[in-house]
Amino acid sequence: MVKKIAIIAPGYAWLPGEFGTSRFSFLAGFLSENGYEVDLIGSTFQHFKKEPRDIERLKQLQLPYKLIFIPEPGYRKNVDVRRIYSNYIETRNVIKFLTQTSHLNKCLCTLKIQS
């Protein structure tokens, strides 16, 4: 039986070709190579650049794990009420996704802290 795991890292799941650390894509690849079926769940917004991701380009990457993008409206500045709203919408969409998903054995989820 294949173990199925989701790594939910909406603000931190930087992928090959994107600027930023890639610890979650590394972890997804590592788990995939060691017998897990992995869903790496990120958002449609690239937090480092403060712009929408190129989803079509990212979907064309040949990765050993599945990419899932959760809708998020985004924001322009780190200190902005729109950032709080964007994170709220993203969290709501992650919860909605998880309640509609029953195929997972395990889930690793990162949390954003509003400071």
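In this predicted model, four strands form an open sheet in the order β5-β2-β1-β6, paired in the parallel sense. Strands β5 and β6 (106-109) stand at the edges with a single partner strand each, so one side of each has no neighbour in the sheet. On average, and with direction ignored, neighbouring strands are turned by 20 degrees against each other. The parallel pairing of β1 with β6 runs over 4 bridges, and Ile-5 stands opposite Lys-106 in β6.

| Helix | Strands it lies across | Angle |
|---|---|---|
| α1 (residues 23-33) | β1, β2 and β6 | about 165 degrees to β2 |
| α3 (residues 81-99) | β1, β2 and β5 | about 130 degrees to β5 |

Phe-24, Ser-25, Ala-28, Gly-29, Leu-31 and Ser-32 are buried in α1. These residues lie on the same side of α1 because they cover an arc of only 165 degrees around the axis. After α1 comes Gly-35, with a positive phi near 95 degrees.

The largest nonpolar core consists of 15 residues, and those with the most contacts inside it are Ile-7, Leu-15, Val-38, Leu-40, Tyr-65 and Leu-67. At least two residues of this core come from each of β1, α1, β2, α2 (55-59) and β5 (66-70). The greatest contribution is that of α1, with 3 residues. Leaving aside residues up to four places away in sequence, Val-38 touches Ile-5, Ile-7, Ala-28, Leu-31, Ser-32, Tyr-65 and Lys-66. Another core, of 7 residues, lies apart from the largest one and has Ala-6, Ile-68, Val-94 and Phe-97 among its members. In soluble globular proteins, nonpolar side chains tend to be buried together.

Lys-50 is found between β3 (45-46) and β4 (51-52). Although Lys-50 is not a glycine, its phi is positive, at about 60 degrees. Most residues other than glycine have a negative phi. With a relative accessibility of 24%, Lys-50 counts as partly exposed, because that class lies between the buried limit of under 20% and the exposed limit of over 50%.

How values were computed
Residues numbered from 1 in each chain as written. Predicted model: local features only at pLDDT ≥ 70, side-chain atom pairs only at ≥ 80, totals over all residues. Heavy atoms only, no water. Buried < 20%, exposed > 50% of the residue type's maximum accessible area, 1.4 Å probe, protein only. Arc of directions from axis to C-beta. Core = buried A, V, L, I, M, F, W, Y, C linked by side-chain atoms within 4.5 Å. Contact = heavy atoms within 4.5 Å. Pairing = 2+ DSSP bridges. Axes fitted to C-alpha atoms, helices over the stretch in contact; angles between N-to-C directions.
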